[in-house]
Amino acid sequence: MFHKSALASLAAVATISIAMPLAAAQKNGAIAQDFKLTDMYGKTVQLSDFRGKTVVMEWHNPGCPFVVKHYDSGNMQATQAAARKQDVVWLTINSGAKGKQGHMNGPEAQKLVKQQDMSASHYLLDAKGIVGKAYAAKTTPHMYIVDGSGKLVYQGGIDNKPTANKADIKGARNHVTAALNELKAGKQISVAQSRPYGCSVKYAS
């Protein structure tokens, strides 16, 4: 969908957007706000339907160099696959508004998921930005984890290397993988919140 040369140029000039610690719409330890969204096949998916299972939410924009970093390297797919092996539900959410970078309709999303071998449970479309704004999702990627009781237990960046450089993945701490492993082991999540980084979510307004 995107030429690698163009993506490389984007990465070279990309300026990082790190969300500052503002008042969050959703607080860790609280029940995550329920929502319904349509997936790329037109099926309605509701968060509360997954009660009893851990859920990861990933805000996505295929044109963002920071997202490209994690997908072109295979890091996001590997993180998704590891989560799915633990019976975790993975929801990739696109809150890009129509006419803005990263916006996708159902067929476009289906094509991208196949091309990039994504392992998400569902690719959800949030063009009006209702769910993204409810969760105060500020960047792509912006990650959230909801435990089996429905409580939000992690929110922030995928890792601790806020760059668009694929070489930085090797030495990074993957906060999502670490949190899921700690949950599985019955341990307290050691890093429950971090600053998300990436491109700003392209909301309608």
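**Close-up 1. The aromatic residues Phe66 and Tyr197 are both buried in this predicted model.** The ring centres of Phe66 and Tyr197 lie 6.1 Å apart and their planes meet at 75°, so the pair is classed as edge-to-face, a label that applies to planes over 60 degrees apart. The two partners come from distant parts of the chain, since Phe66 belongs to helix H2 whereas Tyr197 belongs to strand E10, and 131 residues separate them.

**Close-up 2. A second ring pair is formed by Trp59 and Tyr144, whose planes stand at 70° to each other.** With ring centres 5.4 Å apart, this pair is edge-to-face as well, and both Trp59 and Tyr144 are buried. Here too the pair links distant parts of the chain, with Trp59 in strand E4 and Tyr144 in strand E8 (residues 143–146), 85 residues apart. Trp59 and Tyr144 also belong to a cluster, in which ring pairs connect them with Phe35 and Tyr135. Across the whole structure, a search finds 5 aromatic pairs.

**Close-up 3. A disulfide joins Cys64 to Cys199, with the two sulfur atoms 2.2 Å apart.** The count for the model comes to 1 disulfide, and this link is right-handed, with 90° about the S-S bond. It ties together distant parts of the chain: Cys64 sits in the loop between strand E4 (55–59) and helix H2 (65–72), while Cys199 sits in strand E10 (residues 197–200), 135 residues apart. Cys64 counts as buried because its relative accessibility is 0%, and Cys199, with a relative accessible area of 12%, is buried too.

**Close-up 4. Helix H4 (residues 106–115) has buried residues, namely Gly106, Ala109, Leu112 and Val113.** These residues cover an arc of only 125° around the helix axis, which means that they lie on the same side of H4. Pro107, Lys111 and Lys114, by contrast, are exposed on the other side of H4. The buried residues of the helix pack against strand E6 (122–125).

**Close-up 5. At the start of helix H4, the side chain of Asn105 reaches towards the backbone of Glu108.** A side-chain oxygen of Asn105 comes to within 2.9 Å of the backbone nitrogen of Glu108. Beyond the other end of the helix, just after H4, the residue to look for is Asp117, which takes a positive phi of about 55°.

Terms used
Residues are numbered from 1 along each chain as its sequence is written. This is a predicted model: local features need pLDDT of at least 70, side-chain atom pairs count only at pLDDT 80 or more; totals for chains, interfaces and linings use all residues. Side-chain values use heavy atoms; hydrogens and water are left out. Buried means under 20% relative accessible area, exposed over 50%, partly exposed in between (1.4 Å probe, protein chains only). Helices (H or I, at least four residues) and strands (E, at least two) are DSSP runs, numbered from the N terminus. The arc is that of the directions from the helix axis to the C-beta atoms. Contact means heavy atoms within 4.5 Å. A polar contact is a pair of N or O atoms within 3.5 Å; within protein, one must be able to donate a hydrogen and the other to accept it, and residues adjacent in sequence count only if both atoms are side-chain atoms. A disulfide is a pair of cysteine sulfur atoms within 2.5 Å. Rings of Phe, Tyr and Trp (its six-membered ring) pair if their centres lie within 6.5 Å; planes under 30 degrees apart count as stacked, over 60 as edge-to-face and the rest as tilted.
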